[in-house]
Amino acid sequence: MYLVKNSPRALCAALIPLALVEAVLLVFAVAGGQVTDPVGVPAPDQFLMVYAGRMAINAAFLFAGHIVLRQWTISSRLAYGLMGGVMAAVSYGFAIRNHIQLAGPGDGTVLTIGLLPTIAGMIGGFLYGQFAGVRSAERVAVQATAPAAKAAPPLTFNGPVRVRTSFAGIVIAALIPTVLATLLPYTLLPLLMNGFADKSTAHIFAAVIPAQTFMVMIAISVIPSSIFMLCVHHVARAMSRRNAWEYAVIGAVAAFACSLLLAFAVPLLAYLVVPAAFSGAVMAALYRRFAGLEPMPLPEAVIATDPNALVDADHPSRHQRGVILGN
């Protein structure tokens, strides 16, 4: 049995997707408040305190879930992903129940909006299990009872391996186009702010547009990007490629080819060929980083009804035939 380590570094990495989602939700809350009750933008201190409070609650619940899984000696990344989703949902409900927010969700949107932090929490839990690392539970027990005892050497494996098919790794890699597309509106912020006479309104729209882009790109790109990443992974596996840079090359070539084919149907997409290739390379390399390796599966058993048929492929009897002379 293995236990996932306590790691502040892994906890910080796990909070990154939750930090992005919480920022998007706060921006939407500010924008929605300006539409329903235009009384001005909340003070920066108020915005910061609400954001810090939500992140502190997320961190506390996520670490509490990690402690529970350690008590149950569960160390799989799937379990940590599910734990992260549950803890993020509980944290979201706790914040709504105690009014730790700038504005309440609209009627009929509480559960729908709660899906975003839940998904971010699943990714965060997976990241914690990925970055924290594991150690043997027996080794922890021995160190607790006899610190001077010599630990057993770690197990090693020198057999054939291949890159794992990881659902969580595919989802994380599929978010890369969303993140890159969200960075684009920031280059337009000076133009947007100069286009408004009311500078407070300009700041609101300058904050909302990247958040809205993030939401739209999640909706339209995650499924196609996941399918693309799964195809790239199986192509790399068929080519027996395991290094991150090999995955990056294959992802870049595949994205370049796909965008080039789409450009024939939509000529405007020709300008996105190079960004698509870069995005494909980052996606594939990131997937390789998070997926990890697994041993090659053993071949299935052969059902033989005739023992004489159990002859190797390179045996002479497989390549030559006896000749019977007829009369």
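Good morning. I begin with helix H2, residues 44-71: at 1.5 Å a residue, its 28 residues should span 40 Å, and its end C-alpha atoms lie 41 Å apart, which agrees. The expected span is 1.5 Å times one less than the number of residues. Helices here are DSSP runs of H or I with at least four residues, strands are runs of E with at least two, and both are numbered from the N terminus.

A word on the source. This is a predicted model, in which local features need pLDDT of at least 70 and side-chain atom pairs count only at pLDDT 80 or more, while totals for chains, interfaces and linings use all residues. Residues are numbered from 1 along each chain as its sequence is written, and side-chain values use heavy atoms, leaving out hydrogens and water.

The chain as a whole contains 11 helices and four strands. Of its 327 residues, 35% are buried, that is, under 20% relative accessible area with a 1.4 Å probe, counting protein chains only.

Let us return to H2. Its buried residues include Arg54, Met55, Asn58 and Leu62. After the helix comes threonine 73, with a positive phi near 50°.

Which residues does glutamate 22 touch? Glutamate 22 belongs to helix H1, residues 8-36, and is buried, with a relative accessible area of 3%. Leaving aside residues up to four places away in sequence, glutamate 22 touches Tyr51, Arg54, Met55 and Asn58; contact here means heavy atoms within 4.5 Å.

Finally, among contacts in the chain between residues at least 6 apart in sequence, 81% join residues at least 24 apart. Thank you.

Methods. Buried means under 20% relative accessible area, exposed over 50%, partly exposed in between (1.4 Å probe, protein chains only).
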